[in-house]
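Q: I have a structure open and would like to go through its architecture. Shall we take it topic by topic?

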Amino acid sequence: MNVDDWKSQIKRGTLDFCILLLIKQRPYYGYEIISKLEQYPIVAAKENTIYPLLRRLLKEEYISSSWQESTEGLPPRKYYTLTEKGNEYLNAMSLEWDNLLTAISEIKGELNFG
Amino acid sequence: MDKIMNDYLVKIEKYLKSMSDSERIDIVKEIKSVMLELQNNGVSSEQIIERLGNPKELAKAYLGEAISKNSKFSWRKFGEIFAFCSSFAGVSGMLLLPFISTLSIALMIGGVITPIGGIVKFFGYLMGYDIAGITIEMGAFTPSPMQFLPISIVIGVLMFWLGKVLWKLTIKYIHTISQKKKTV
């Protein structure tokens with residue numbers, strides 16, 4: 001039994017979704033996204049995954065970015081915000097996510113009681 | 001910023017040389033920013049480098065993700081595929097990818113040109129000319145001007161379709177090799 005492969009597929013399939021959900025709340029910078037996701041092992045990912053992924057989301061115009069100076073001694077940070085296009089994409093994803101959850105819970109229910 | 005981290009950034013910069021200056025500078029700046037952020041949190045340079053992983057792999061991930069996921073064709077994307085290849089030696093980078101991506105475009109172009117040739121020849125025929133410069137030969141069979149038009153359209157559609165399939169495969173292949181399962 002090897003559930004790791006399956007887990008990494010889930011992660012790959014849901015990271016876009018997680019990142020867009022975070023950015024929707026407020027502007028985030030890269031390191032902040034990584035730290036936040038690290039709290040949840042199922043979606044935790046390192047810099048070499050998140051940064052290139054952010055770059056792709058930028059290219060596809062789901063997010064936009066701006067550099068901002070930060071307080072004493074700290075380097076400037078690149079903040080990401082959700083675009084209108086990104087918001088539409090996120091809404092479409094949310095809908096499918098709900099569909100998935102409903103499907104799983106119904107299938108589980110049938111297995112338990114059926 | 002000590003030597004270890006600086007060397008790392010220099011390497012990243014080198015591997016991303018095929019990107020545009022503004023994009024490359026922005027990427028390096030962002031990696032530098034996260035390095036300083038980690039350093040500020042008390043993480044040692046060695047640990048930071050370890051966290052970021054092999055610079056070559058990181059650059060590869062950037063170049064791979066830069067080729068957007070939809071498989072629509074654009075010349076810009078064609079350039080990006082070559083940028084991806086040029087940074088990474090090896091059989092797939094040096095031979096396979098440039099070969100199949102170029103072939104797919106050649107097929108798509110051929111797929112457009114062939115029916116145009118067919119139409120030109122057909123109208124030439126209607127007006128009483130036989131344009132000898134445009135012709136198809138399949139073994140001993142050479143289609144008459146009347147057969148030429150439908151045959152050229154069929155061949156054109158086939159070539160174009162084959163080119164598109166090959167293009168999609170190219171994009172898929174790049175995404176598979178640029179995001180190795182284990183790094184996720």
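Q: In what order do the three strands of the open sheet in chain A run, and how do they pair?
A: In this predicted model, the open sheet of chain A has the strand order 1-3-2, and the pairing is antiparallel.

Q: Which strands are at the edges, then?
A: Strand 1 (28-29) and strand 2 (63-68) of chain A are the edge strands, each of them pairing on one side only.

Q: How many bridges join strand 2 to strand 3 in chain A?
A: Strand 2 of chain A is joined to strand 3 (residues 77-82) of chain A by six bridges, and the two run antiparallel. Within that strand 3, A:Leu82 is the bridge partner of A:Ile63.

Q: Moving to the largest nonpolar core: how many residues does it have, and which have the most contacts inside it?
A: The core has 45 residues. Those with the most contacts inside it are A:Ile23, A:Ile50, A:Leu54, A:Leu57, A:Ile63 and B:Tyr62. At least three residues come from each of domain 1 (1-66) and domain 2 (71-184) of chain B.

Q: What does A:Leu54 touch, leaving aside neighbours within four places in sequence?
A: A:Leu54 is then in contact with A:Gly30 and A:Tyr80.

Q: And the contact between the chains: how many residues from each?
A: Chain A contributes 22 residues and chain B contributes 20 residues. On the chain B side, the elements giving two or more residues are helix 2 (21-40), helix 3 (45-52) and helix 4 (55-66).

Q: Which helix of chain B gives the most?
A: Helix 2 of chain B does, with seven residues. By class, the side of chain B that touches chain A has eight nonpolar, seven charged and five polar residues.

Note on methods. Residues numbered from 1 in each chain as written. Chains lettered and ligands numbered in written order. Predicted model: local features only at pLDDT ≥ 70, side-chain atom pairs only at ≥ 80, totals over all residues. Core = buried A, V, L, I, M, F, W, Y, C linked by C-beta atoms within 7 Å. Buried ≥ 20, exposed ≤ 12 C-beta atoms within 10 Å, placed from the backbone. Domains from an automatic or database assignment. Contact = placed C-beta atoms within 7 Å. Helix = DSSP H or I, 4+ residues; strand = E, 2+ residues; numbered from the N terminus. Nonpolar A, V, L, I, M, F, W, Y, C, P; charged D, E, K, R; others polar. Pairing = 2+ DSSP bridges.
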